[in-house]
Amino acid sequence: MSMLAAEVHAALSQLLRGLQSPDNVERTQAEELLNTEWVASRPEILLLGLTEQIQGQEDPSTRSYSAVLFRRIATRARKDPNSSQTRDLFLTLQQGEREAIRAKLLACLQSENLPFVRNKIGDAVAEIARQYTDEGEPWPELLGALFSASQSTDAGMRETAWRVFSTTPGIIEQQHEDVVITAFKTGFNDADTSVKIAAMEAFASFFRSITKKSQPKYYPLIGEILNILPPVKEAGDADQMTKALIALIELAEVSPKMFKPMFSALVAFSISVIQDKDLGDQPRQNALELMSTFADYNPQMCRKDPNYTNDMVTQCLSLMTDVGIDDDDAEEWNASEDLDIDESDMNHVAGEQCMDRLANKLGGSAVLPPTFNWLPRMMTSSAWRDRHAALMAISAISEGCRDLMIGELDKVLDLVLPALRDPHPRVRWAGCNALGQMSTDFAGTMQEKYHQVVLPNIIPVLESAEPRVQAHAAAALVNFCEEAEKTVLEPYLDQLLSHLLMLLQSPKRFVQEQALSTIATVADSAEAAFSKYYDTLMPLLFNVLREEQSKEYRLLRAKAMECATLIALAVGKERMGADAIALVNLLGTIQHNIQDSDDPQASYLLHCWGRMCRVLGQDFLPYLPAVIPPLTELAGAKADIQLLDDDEQVAQVEQEEGWELVPLKGKVIGIKTSTLDDKHMAIELIVIYAQVLEAAFEPYVNDIMDKIALPGLAFFFHDPVRVASAKCVPQLLNAYKKAHGGQSLQLGQLWERTVDRVLEVLSTEPAIDTLAEMYQCFYECVEVIGKGCLTPQHMATFIESAKSVLEDYQTRVKQRLEEQAETEDGEETPEEILFAIEDDQNLLSDMNKAFHTIFKNEGTDFLPHWEKLLPYYNQAIVNSDPTQRQWAICIFDDVLEFCGPQSWTYSSNIIQPLADGMRDDVPANRQAAVYGIGVAAHKGGEAWSDFVSASLPMLFQVTQRPDARADDDVFATENACASIAKILHYNSSKVSNVQGVVAAWIDTLPVTNDEEAAPYAYSFLAQLIDQQNPAVMAQAAKCFTFVALALESETLQGQTATRIVGAAKQLVTTAGLDANQLLANLSPETQQTVRAFFG
C-alpha cells in the first residue's frame, strides 16, 4: 500500500522518465527539477517515493533505475538540520522517516523476482546498512531479513543476501563467531554455484574487516572454501572461476598462512588452471596472480613447497611464449608505430610480471635454478617465441636475482649477446631489452667490466632494418650510458654518435625521437668530453627547433629541446658562446607559439628553462619574467576532484588517463593525478631557480611563499607536492636572506609568516615518510635564519609536536612487536613492515637533526622545553631497538655540545647511556657514544672532567675491537681516536700517566674516513710534534705515514691540512726521517697526492 498521494507518484514517474530520456535537453531539465524541487526541499518524499516505485512499477528498467537513483541520492552530502554537521542525506532524515523508508526497501528486496533488479535493490540496502554501521546505529530488522534471504528456496535471493554481506561486512562483524561460521558453511555448501561464489566473496570481505586476532577462528573454513573450486573448473565456467580466484587473492593478501595446511593442493590446482587454455586467459591469469600473491605475502611458505617455484617458473615461461600470435614473421609488429599499446592483459606480460615478482620475493637461490634449467634450451630453440621468452625472462629476474647473477654476468651475456644478431627482429628487440634492463640492475659492474663486449655488440644493432629494433637498441643505450662514467664512454663516442646521427635521418619519427633522447643521455654522462661533437650536433638541433612544424612533430621538437639543453649543461656556457643566448631566445619563441593545452612542448620547456638557468646563472635573469608565470600557474594548481556517484561515472573516469580513484564511505572520489604531477614538477623547478639565482630570485619569493610553498605543505591530495614544497620553503628563505641580509626587517617579516605554518605541519602531516621531510624543512629553515630565530612559544610548539610524534612512533613499534610475536618460526618480515621500519628510522634521524639545529642556534634557552621529553629518552636508551638507543645518545651529544657546563644538570640521564653506548655492538651507537665523550671533554668543563678521563680505557677498547677497521665500524674507531685526543688536550690534568696514554693513542691513528674527527686528531698530533713529545719522536716514521694517509684520503683539508703538513715537515727534519723512503711504501696515487702538499 502506498504511503504517498497519487499525484506525487505521477510527478515522480514523470521525473524518472525525464532522467532516463535520450534527449539531452529533457534530461538536463529533469536533473534540475530533481535537485531543486525534490532533493533540496523534500528528500524524504523522494526516497520514500523511489522505494514505492521499486515496489509498484511494472517496468523492470524503471524499478532498476529507481534503486540506482535511491542509492545515489541517499549518499549525497547534506547538512543535518539537527546538528549542522554534513552527513549522508539519508541519515539527516527524521528517525520515523528513515524507519519507514528502510522497511519499504527491505520489502522490495524480498519481493523482487528479477535478478538484475534485485541486485540493484541489494546495492541500495547495502549502502543504507553501511551508513548505519559507520554511525554505530542499529538496524535490527536487516540481519534477520538477510539471514532469512540466505536460506530462501530461491537461489537468486540467497545470492543477493551474500552480495549485501559482501558490500557491508560490518553487518555481521558484531555477531558471535559460531553463528557467523555456521552461516558461511551453509553458503559454501549451497547447491547453487553462484551462491557459493557469492558466499566466498562475502567471506573475503568479512575476513578483511575483522581484527588480526579474530582471524584464526575462521581458518578451519578454508577447506570448505577450496572445495568449491574443482567443480567450477570441471564445468569450464570462466566467469565464476574468475570471481572465486579474486576472492582467494583477497584472502591470501590478508592471511596467507591460513592456507598453509592445504597449500600444496592449492598450488597443484592453480597450476592446472594456468595450464587449461580452454578456460580462457582471464581465469588463467587470476590463478597466476593468486600464486604470485603468496610469493608477495609469504615467500617462506612458497620456498618450502616442493613444487611451487619449479612449477611457477615453468608456467610463467610458457605464458611468455604466447606472443605475436597470427604475426609469425612480425610484419604487423614491424609496421606498428604505436609503441605504447597497452598489453597488460596479455598472457606474455602476465608471465613477465610474475617472474619479476618471484625473483624479487623468493630471491635468486630459489628462482635461478629452475629458470636456467630452461633458458639455455629455449635460447637454442628453433621457435623464435621461445628465444624471445628466454630473453624477457632474463630482463624480468635480473633485479630480484642481482646478488647471485652479478657474479655470473659473463655467462648471462654469453646467452644474451648472440641474440642481437638473431634473424628474427622480435628476438633482437628482446636482446636489446635484456641488455638495457641488465645495465640498470647491474649498474656499475656492467659498465666498468663489460663495456668492451656490450657496446661493440649493441651499437651495430642501430643499423637494423627494422625501425622498432633500432629505437629499442637506442633506448637500451640510454640505460647503459646513464650509469657509465665518462672515462668508460669516451673511446666509444665517435662510433656511438655517428650511428645516432644516422638515426636522426630515419623516416620514422619515433626513431628520431629516441635518437635525440639517447644523444641527450650520452651528453649528460660524457660531460666536457662531449664538446668535440658540439659543432656537429647543435646546428642540427637548432634547425629542428627553428622549423615550423605540424602537430605530429611537436614531441620531436620537445626531444630536441631536451637534447640541446642537456648538451648545454654538459659543455657549459663558455663552450656555447653566443649559442647559449640564441638557444634561450629560441625556447622563448616556441613558448610564445604554444596554443594547445595538450602540447608536449610545454612540459619539456619547463625543464629546459631550468637547465638553461643552471648554464647561464645570473645571465638568465632577463628571461625570468617570461619563464616564471607559466611555472607558478602550474605550481599553484588546485586539486581536480570529482565525487563519482555511480558505476557509470566510475567506468568513464577509469577509461581516462591521469586519474586515481579512491573509495570513501561507499562513494568513489576521482583525483586528477596528472594535474598534481605537473604541480609537483613545477615546484621542484622553482627550487632550482631559487638555488641557482639566490638573491636575484627575490622579486618572486613573497608571492611563491604565500600562494604556493606554504599552502603546498598542507596539500594532502598528493604526497610529492608536500615534499617539494618542504624543499622549496628553505630555498625561498635563503634567496630572501641573500637579497636583504640576515638581520633585515624584510626577512624577519617573511620568517614570521613562515615559521608557524612549518611548525603546524609537524603536527598535522599524516604520512611518516613525508613527516621526515617536514622536519628537514624545519631545521633547514632554522639554519637559514640563524641564531635567536625561535621564540619560547615556537620551541614549546615544536616540543608538543615532537611529543605527539614520539607517542605515535611508540604505538607503531608496539604494534609491530605484537605482530612479530604472532609470526611463525622462519616466516619472513613482510616488505611493508620493513619499509615502515625504514620510514620510522628516517623520521627519527630527521627529528634528531632538528633538535641538533635548535640546540646549535638557541643553546641553553632550549633546555627548559627539551627536558619535557626526558621520559622518552630514558625509555629509548634502554630499548632493545638500536635505532632508538642511537636517537637518544645523539640528542645527549647535542646537549653536551651546545649547552656546555650546564649540561651537567642532566648528568644522571647522560653518563650511563654513554658508558653503555661505548660497549654497544651496533657500530653507529658506539660512534655516537664515543663522540659524546669527546664533546664532554671539549665543551663540558670541569664538571665532566672526571667522567671523561675515566672513560679512556673503554675508548681504547673501542679502537682495539677485532673489526675496528671494518667498513661499518671504522667511524666509531676514528671518533674514539679523536675523543682520546680531546681528553688529552682539554683534561690532561685528570689523566694519570699522560705520556703512556699519548704513546698508546698514536696507535689509534690514522683517521682516513671521518672528516669531522680528523682535524681534532691531527691537530693534537701537530701539537705533540711542536712539543717534540717523546712518544711522537719515538714513532716518528709511523706518525708521518699516518699524516700521509689522511692527506691522501682528503680527511684533512684547507688550513688544517696546511697546519698538519707544516708539522709533518718539522717532524721529518727534527727526527731525521727519509720522507722519500717512507712514501715508497705507499701506493703511487698516495705518493703523488702527498708530494703535492709537501712541494
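Glu694 counts as partly exposed, at 28% relative accessibility. Here buried stands for under 20% relative accessible area, exposed for over 50%, and partly exposed for values in between, with a 1.4 Å probe and protein chains only. Although Glu694 is not a glycine, its phi is positive, at about 50°. Its place is in the loop between H37 and helix H38 (698–713).

A word on the model before going on. This is a predicted model, in which local features need pLDDT of at least 70, side-chain atom pairs count only at pLDDT 80 or more, and totals for chains, interfaces and linings use all residues. Residues are numbered from 1 along each chain as its sequence is written, and side-chain values use heavy atoms, with hydrogens and water left out.

**The whole protein**

The protein has 58 helices and five strands. Helices (H or I, at least four residues) and strands (E, at least two) are DSSP runs, numbered from the N terminus. Along the principal axes, the C-alpha atoms fill a box of roughly 115 × 75 × 65 Å. Of the 1095 residues, 53% are buried.

How much of the contact count joins residues at least 24 apart? Among contacts between residues at least 6 apart in sequence, the share is 72%; a contact means heavy atoms within 4.5 Å.

The accessible surface comes to about 47400 Å², and 48% of it belongs to carbon and sulfur atoms. Such areas come from the Shrake-Rupley method with a 1.4 Å probe, and for residues only the protein chains shown count as cover. As for charge, there are 89 positive and 155 negative side chains, and the centres of the two sets lie 2 Å apart. Lys and Arg count as positive and Asp and Glu as negative, while His and the chain ends are not counted. Each charge is placed at NZ of Lys, CZ of Arg, CG of Asp or CD of Glu.

**Two helices and what follows them**

The expected span is 1.5 Å times one less than the number of residues. Directly after H37 comes Glu694, with its positive phi near 50°.

Helix H41 (residues 768–785) passes the same check: its 18 residues should span 26 Å, and the end C-alpha atoms are 26 Å apart. Because 13 of those 18 residues are buried, H41 is largely enclosed by the rest of the structure. Gly786 follows H41, and its phi is positive, near 95°.

**Buried residues to look up**

| Residue | Relative accessible area |
|---|---|
| Arg63 | 10% |
| Arg98 | 9% |
| Leu358 | 1% |
| Leu504 | 17% |

Arg63 is found in helix H4 (residues 60–74). What does the side chain of Arg63 reach? At 3.1 Å lies the backbone oxygen of Gln57. Leaving aside neighbours within four places in sequence, the contacts of Arg63 include Gln53, Glu112 and Val117.

Arg98 belongs to helix H5 (residues 95–111). Its side chain and that of Glu137 are joined by a polar contact of 3.0 Å. A polar contact is a pair of N or O atoms within 3.5 Å; within protein, one must be able to donate a hydrogen and the other to accept it, and residues adjacent in sequence count only if both atoms are side-chain atoms. Beyond four places in sequence, Arg98 is also in contact with residues including Phe90, Leu93 and Tyr132.

Leu358 sits in helix H20 (residues 347–362). Not counting residues up to four places away in sequence, Leu358 touches several residues, among them Ala295, Met312 and Val367.

Leu504 lies in the loop between helix H29 (493–503) and helix H30 (509–526). With residues up to four places away set aside, Leu504 touches Gln512, Ala515, Leu516 and Ile519.

**Backbone details in loops**

Asn993 is in the loop between helix H51 (970–986) and H52, and is exposed, with a relative accessible area of 57%.

Is the peptide bond from Leu1005 to Pro1006 cis or trans? The bond is cis, with omega near 5°. Pro1006 is found in the loop between helix H52 (994–1002) and helix H53 (1013–1026).
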